[in-house]
Amino acid sequence: MISGNGRLLTVITSTLLAVVGLFLFFGGAELLFLGGSWFYVLAGGVVLAAAATGLQRPRLAKQLYAGLLVLSVIWALFESGLDIWGLEVRLVTLLLIGIWLLLPGIWREHADWMRDKRELLGAVGFAFAVLLVASFQSHSINGVVPTDRMNAHGQPDPAADGVPPGDWEAYGRTAGGDRYSPLAQITPANIGHLKRAWMTRTGDVQLLGEGVNAGPDRGHEFNLEVTPIKVGDTLYMCTPHSWVMALDAATGRIKWKFDPHPAAADQAKNVYLSCRGVSYYRIPDEIQTSCRTRIYSPVADVRMVALDAETGKPCEDFGDHGFISLRDHMGNVPHGFHFVTSPPMVAKNRLVTGGWIFDNQANFEPSGAVRGFDATTGQLVWAWDAGHDPETWTPGPGEELTRDTPNGWGVYTADLDLGLVYVPTGNAPPDNWGGSRRPFDDATSSALIALDIVTGERRWTFQTVHHDLWDMDIPAGPSLVNLPAPDGGVIPALVQSTKRGEFFVLDRRTGQPAPGYPVEERKVPTAGVAPDDHVSPTQPYPANMPSVTPADLTESDMWGATLFDQMICRIQFRQTAYDGQFTPPHVGKDTIVYPAFYGIVDWQGVTVDPQRKLMFANSAYMPFRIRLEKRNAIEKAGILPKWNGKGEEPAAKGDALAVSPDYGTPYIAYTAPWLNPIGIPCKGPIWGTLTAIDLLTKKIVWQHPVGTTRDTGPFGVHFNLPLHTGMFNIGGNIATKGGVMFMGATADDYIRGFDLATGDVIWRDRLPAGGQATPMTYEIGGKQYVLIAAGGHGGLATRSGDYIIAYTIDGNEGAAAR
């Protein structure tokens, strides 16, 4: 007999199952109609049948549900194999319902619980066993760097001449950007003793506030992405509000701090508040100056400042009392439309910089020209302007650089012996419609441009995406490396990473693919491009190099926290235009863009070990969706104001996503990461990896998921549940001669140390804020330090802060300096 309480539970259970069944049945019917999986409509029908029979024929209801659970396991194994994340989303929802049905008071017929629930118990046990087996399956490639390579002494680091082993003089340690340190005090054998030596707080924090007291930073990304540099006994860095600071390398004590007081009007419109680093330069002895050693840093109001490295005071003989304006010769620059987040390249008495141009606002935006200034005086020496004839020139009073040309906003690298600076470019705005682009825009966009540092003349161009409609700009300069040539000589090479997750290996003298590293053109989707635009039928791919590019999505890749939101993602997949990578943005229909413009490998670039000939890349995986809409109807309805480029933009944006007005074109664009209704990505794990690639054998040595879900969850709620899904990451990694790698970057607020030979995590420390920056390492007083900036990242929604943290072997735990 069923007790009163049991009867109530049975009624509640059947009612809830009916709701579940209806949702799955009607959602599954829509999915089936769209050409998708049959499973959801079948599952919904079975659940409805079980709900309907549960009150009068509980044995049949249990048998129906047990059969559904067994069928679900078979279907899940067919779709995803023993991938734990694929099985989890397909089985856990139904498994939890099955466990609920095992409760003694639900759907009872007999006094013997085991007899009463045996079919259901068997099905639950079967599903649980499959999940348990799958949980032991690895998503890693578990290779090992051979011992002889770990101890190898290869060709010299091509850019390390003149940089003392214990210093880190540029963003990537050297002008060549390899992010490799010859220090070897910290090793896999002693890294367990790595502890905090000191922690300094910069004092530059995010200014928010609520309501009428809203701070100036509300609605903007506040990102502490800085990698400090180290020269002698001092660290130099910048902060999101453009402060420049010098710290004692041994103690973290602040030696000096300079606030350039960026104009409030600019900071109020800048969608990003960020500074990735500063540059150090010593003016040659033959040039007269009272400010010999200098720190150059970008300022948020489109200026560049030069400071005396010893005192922190502006260098009076540089520009206007230490400052130069980057608005000069740019014509109308609305606030927020142009600023610099990356350190300039300073070499051969030239300061070379480009800048970020506000994406997707118009096709008449400021110029993306790259400019070379006299590093002593700040005088403009040359501008590389793709739309001018000649393209390298020096504009005079009243002359304007060509508007709307491709820009180079990332960190530049250089070969000082060749006298070349390598500029990674984006495309001419807007990103997702190119019908008004000019031939020189298409010829120089999403490309690596080699310029003569002294004269600014273009030496060569290598394009990674043709007629880019996906914002696949190159966000970081290449890393230089010398490779053995087939004839026994040396190939002066570079490795260029891309947002696509591809790696091009070029001869850095010519820009041609290095011998043994060919590039081939492959066919890509062309259907669906806007009628007044075009798309390239092929795109370049490295033929022999491994990549971290994800496979094209299929419906079975869709994911969620439950079976329900996974079904919604599958429906959306079927409703969305997608023919694989490079599917053109469609008009009036959502288009999946994957890889997307947040990058598989973003502004962090890659690390190259010049001795072991290994390359390391951390990557992240998040699809986006884009939809083009005709602008006339939007403007007529008053949803979007009109603008002709005169004066300020009529409606300031709080980000670079969401609605892209694309003024001057026939369309606007809607852009967003592809999340389901509860805020879970529609593409399942793995969401972040760290990969080692052998540049000689051209094979992946090892690859592991990196990061956990500890600091994320559905609806933006943090459950402190550290699932090893791999995690979205922004920020780079570094390698050392001691055989250890270091990386923060992941959205779970850790810095980790990895065994370079295997990629295994051998050390980690919990950070007080997000570590979305590239670490660095240096030596002072006979000790090797590892340092990272922990201040969070608005785009990843990690904890914000202002921490600079240094570690040493047996460091002074808990030490702090201000």
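Tutor: A salt bridge is defined here as a side-chain nitrogen of Lys or Arg within 4 Å of a carboxyl oxygen of Asp or Glu. The model is predicted, so local features need pLDDT of at least 70 and side-chain atom pairs count only at pLDDT 80 or more, while totals for chains, interfaces and linings use all residues. Residues are numbered from 1 along each chain as its sequence is written, and side-chain values use heavy atoms, with hydrogens and water left out.

A search of the whole structure finds 33 salt bridges. One of them joins Glu79 to Arg90, with the closest N and O atoms 2.8 Å apart. Because Glu79 lies in helix H3 (residues 58-80) and Arg90 in helix H4 (residues 84-101), this pair ties together parts that are eleven residues apart in sequence. Helices (H or I, at least four residues) are DSSP runs, numbered from the N terminus.

Glu79 also meets Arg570 in a salt bridge, again at 2.8 Å from N to O. Here distant parts of the chain are linked, since Arg570 belongs to helix H9 (residues 563-575) and Glu79 to helix H3, 491 residues apart.

As to accessibility, buried means under 20% relative accessible area, exposed over 50%, and partly exposed in between (1.4 Å probe, protein chains only). Glu79, at 22%, is partly exposed. Arg90 is buried at 1%, and Arg570 is buried with a relative accessible area of 1%.

These residues belong to a network of salt bridges that links Glu79, Arg90, Glu555, Arg570 and Arg574.

Technical notes
Helix = DSSP H or I, 4+ residues; strand = E, 2+ residues; numbered from the N terminus.
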